[in-house]
Amino acid sequence: MSSLTPLGIAILGLLLERPMHPYEMFQTFIARSEDRIVKVRPGSLYHTVERLERDGLIRSTGTQRAGNRPERTSYEITDAGHDRMLERITEMLADWKYEYPEFPLAIAEAHNLPADTVIRLLQKRVLALRAQLELVGRAVDQVEGKNLERKYWLEASYLRALLEAETAWVEGLITELKNGTIDW
């Protein structure tokens, strides 16, 4: 059996709610802004659905056609899929591993650029971080307004905390570069 990817976990999580066809899964991810926590593209979603079915983690519930639309096969999670999903979530919660984001590498090599260029680029990054923070903040406000139990939107508060921390760090670095605390 192949490894259960983040997209696979997200698909299994959707199928715990009810059977769906891949296009409906994609639309649900986008509507819920879950594409912020898992990279989802139609091609990768269909490929992952095929792999999950091949591995016995989901099964087809039938194919339907509505009007002139193409046939759509719906899927449901199997007991094995539910068990594997819970096993993988347990591993991910307990075991820390470095995920190799690009930004630390960029910071490690930033000394190769002139200081004024680094400052300008970091200021641009801060604007993007603030925009993301605004989006996440609105999402948190929406779910709080719906009285949705917090356990269903923990990732939004986690993402907000990460964005706040990175924004503060980058702003501090900009200040250090501007006032010469860091010898460039």
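Predicted model: local features only at pLDDT ≥ 70, side-chain atom pairs only at ≥ 80, totals over all residues.
Local features were considered at pLDDT of at least 70 and side-chain atom pairs only at pLDDT 80 or more, whereas totals for chains, interfaces and linings use all residues. Residues are numbered from 1 along each chain as its sequence is written, and side-chain values rest on heavy atoms, without hydrogens and water.

The second largest pocket holds about 180 Å³ of space. A pocket is here an open set of points, on a 1 Å grid over the protein atoms alone, where a 1.4 Å probe fits and which has protein on both sides within 12 Å along at least five of seven lines; lining residues have an atom within 4 Å of a point. Grid points are joined across faces, edges and corners, and the volume is the space filled by probe spheres set on the points. The lining of the second largest pocket consists of His21, Pro22, Tyr23, Tyr46, Val49, Glu50, Thr63, Pro70, Glu71, Arg72, Thr73 and Tyr75. Two or more of the lining residues come from each of helix H2 (22-31), helix H3 (42-54) and strand S2 (72-77), where helices (H or I, at least four residues) and strands (E, at least two) are DSSP runs numbered from the N terminus. By class, the lining comprises six nonpolar, three polar and three charged residues; Ala, Val, Leu, Ile, Met, Phe, Trp, Tyr, Cys and Pro count as nonpolar, Asp, Glu, Lys and Arg as charged, and the others, Gly among them, as polar.

Across the whole structure, twelve salt bridges were found, each defined as a side-chain nitrogen of Lys or Arg within 4 Å of a carboxyl oxygen of Asp or Glu. Glu91 takes part in a salt bridge with Arg84 (3.9 Å, N to O) and in another with Arg88 (3.0 Å, N to O). Arg88 and Glu91 lie three residues apart in helix H4 (residues 79-94), and are therefore separated by about one helical turn. Arg84 is buried, at 15% relative accessible area, as is Arg88, at 18%, while Glu91 is partly exposed, at 30%; buried denotes under 20%, exposed over 50% and partly exposed the range in between (1.4 Å probe, protein chains only).

In helix H6 (residues 115-145), Glu134 and Arg138 are four residues apart, which also corresponds to about one helical turn. The closest N and O atoms of their salt bridge are 3.4 Å apart. Glu134 is partly exposed, with a relative accessible area of 45%, and Arg138 is likewise partly exposed, at 42%. Elsewhere, salt bridges with shared partners join Arg84, Glu87, Arg88 and Glu91 into one network.
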